[in-house]
Amino acid sequence: MGDREPNKKRLLELLRAPDTGNAHCADCGAADPDWASYKLGIFICLNCCGVHRNFPDISRVKSVRLDFWDDSIVEVAVVLQFMTHNGNLRVKAKFEARVPAFYYIPQANDCLVLKEQWIRAKYERREFTADGETISLLGNREGFLWKRGRDNSQFLRRRFVLLAREGLLKYYTKEGGKSPKAVISIKDLNATFQTEKIGHPHGMQITYRRDGHIRNLFVYHESGKEIVDWFNALRAARLQYLKMAFPELPESELVPFLTRNYLKQGFMEKTGPKQREPFKKRWFALDCHERRLLYYKNPLDAFEQGQVFLGNKEQGYEVYEDLPKGIRGNRWKAGLTIVTPERRYVLTCPNEKEQQEWLESLRGVLSSPLTLLNRLTASTESGRSSR
């Protein structure tokens, strides 16, 4: 019993030890992890710990602060020596020796299925060790995903075919059909996990441009591995396209543009271009990579109602806190105004917290320089709004 405190003190020292990487979760990078996998020799966060518990033959976990670390539980002296010898950076160097550039490494705020499959790929399947099998998702891929209907909420089984070398994704409404329902260019494609919005733990949103609008497909698969493999296959195809489109750019500058999450999403109310129209509730999504603010009547709509291209301040774009003088919102009073060279967009937020989050996100986009990829869409997408 008397050994517990010294043991715990030593673990806390290891957590804070410099040049070990222990101050951040070994799997998702979350700060201040307080769990340890004493079989792998790493420190991890609570969320990733839940995944590690699913394969005790590979990883065994205990809380650094809450659990007892004494000889009645584990051979503490051996464990402490093992944890000291290893640590996050050393173990990551072993299990992440060959992660492909296109493979998405989840961050602390990513959904569970991405973290789970990353952890399983690393330690259970050992896909990225130096002596492991080469991971290749390049080329063609075919399989079935459950897709939400455009005009209803029913999910139906659809066959998807990825032709990476041709830069195309197709899907078919009939299993043996020869004519695809849609042919999607990898050039215009994005994929992002939207589990809460879709209402499924493996829910993924695929977006692409169609006739000047953004088309949304909402899909899922029962298997977490299958949906994450599809996600990374799309990323691999995107990297292949971007390398051909921008041969002068290094791979490291292309990877951030493979797929992207929305910087912020949520409901706001907006009025029309004359600012005398009634305020209407709309779902907004901010795509920071394409500098685009999209709005929908409902979160799961197939097409946006309007979109706003966001240049930078030097081009005459700005965002202001509050509403223009003489304008009052409907139900919500916390307002903001986006100014573009074409018009003003007057919006209200449910509360001041949401208002400040939107202001911070929008200002972040407006203050960042346009990249080469931004300029590809700026000329055609600037300031477009349907209403």
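The following legends describe close-up views of a predicted model.

Residues are numbered from 1 along each chain as its sequence is written, and side-chain values use heavy atoms, with hydrogens and water left out. Because the model is predicted, local features require pLDDT of at least 70 and side-chain atom pairs count only at pLDDT 80 or more, whereas totals for chains, interfaces and linings use all residues.

View 1. Asp27 counts as buried because its relative accessibility is 3%, where buried means under 20% relative accessible area, exposed over 50% and partly exposed in between (1.4 Å probe, protein chains only). The side chains of Asp27 and Lys122 are joined by a polar contact of 2.7 Å. A polar contact is a pair of N or O atoms within 3.5 Å; within protein, one must be able to donate a hydrogen and the other to accept it, and residues adjacent in sequence count only if both atoms are side-chain atoms. With residues up to four places away in sequence not counted, Asp27 touches Ile44, Cys48, His52, Pro106, Trp118, Ile119, Lys122 and Tyr123 (contact: heavy atoms within 4.5 Å).

**View 2. Ser37 in strand β1.** Ser37 has 0% relative accessibility and therefore counts as buried. Its side chain makes a polar contact of 2.7 Å with the side chain of Ser59. Apart from neighbours within four places in sequence, Ser37 is in contact with Ile42, His52, Ser59, Arg60, Val61 and Met83. The C-alpha atoms of Ser37 and Val64 are separated by 9.8 Å, the two residues being 27 residues apart along the chain.

**View 3. The largest cavity.** A search of the whole structure finds two cavities of 30 Å³ or more. On a 1 Å grid over the protein atoms alone, a cavity is a set of points where a 1.4 Å probe fits but cannot get out, a pocket is an open set with protein on both sides within 12 Å along at least five of seven lines, and lining residues have an atom within 4 Å of a point. Grid points are joined across faces, edges and corners, and a volume is the space filled by probe spheres set on the points. The largest cavity holds about 100 Å³ of space. Its lining includes Asp188, Arg209, Asp287 and Arg292. β9 (204-210) and β13 (292-296) each supply at least two lining residues, and β9 gives the most, with three. The lining has four nonpolar, two polar and six charged residues; Ala, Val, Leu, Ile, Met, Phe, Trp, Tyr, Cys and Pro count as nonpolar, Asp, Glu, Lys and Arg as charged, and the others, Gly among them, as polar.

**View 4. The second largest cavity.** This cavity has a volume of about 30 Å³. Strand β10 (residues 213-220) gives the most to its lining, with four residues. Among the lining residues are Arg148, Arg150, Phe218 and Ala302.

**View 5. The largest pocket.** About 800 Å³ of space lies in this pocket, which is lined by 26 residues. The elements giving two or more residues to the lining are β8 (190-193), α6 (195-198), α7 (224-245) and β11 (264-270). Asn109, Asp110, Thr192, Asn261 and Tyr262 lie nearest the centre of the pocket. By class, the lining comprises twelve nonpolar, eight polar and six charged residues.
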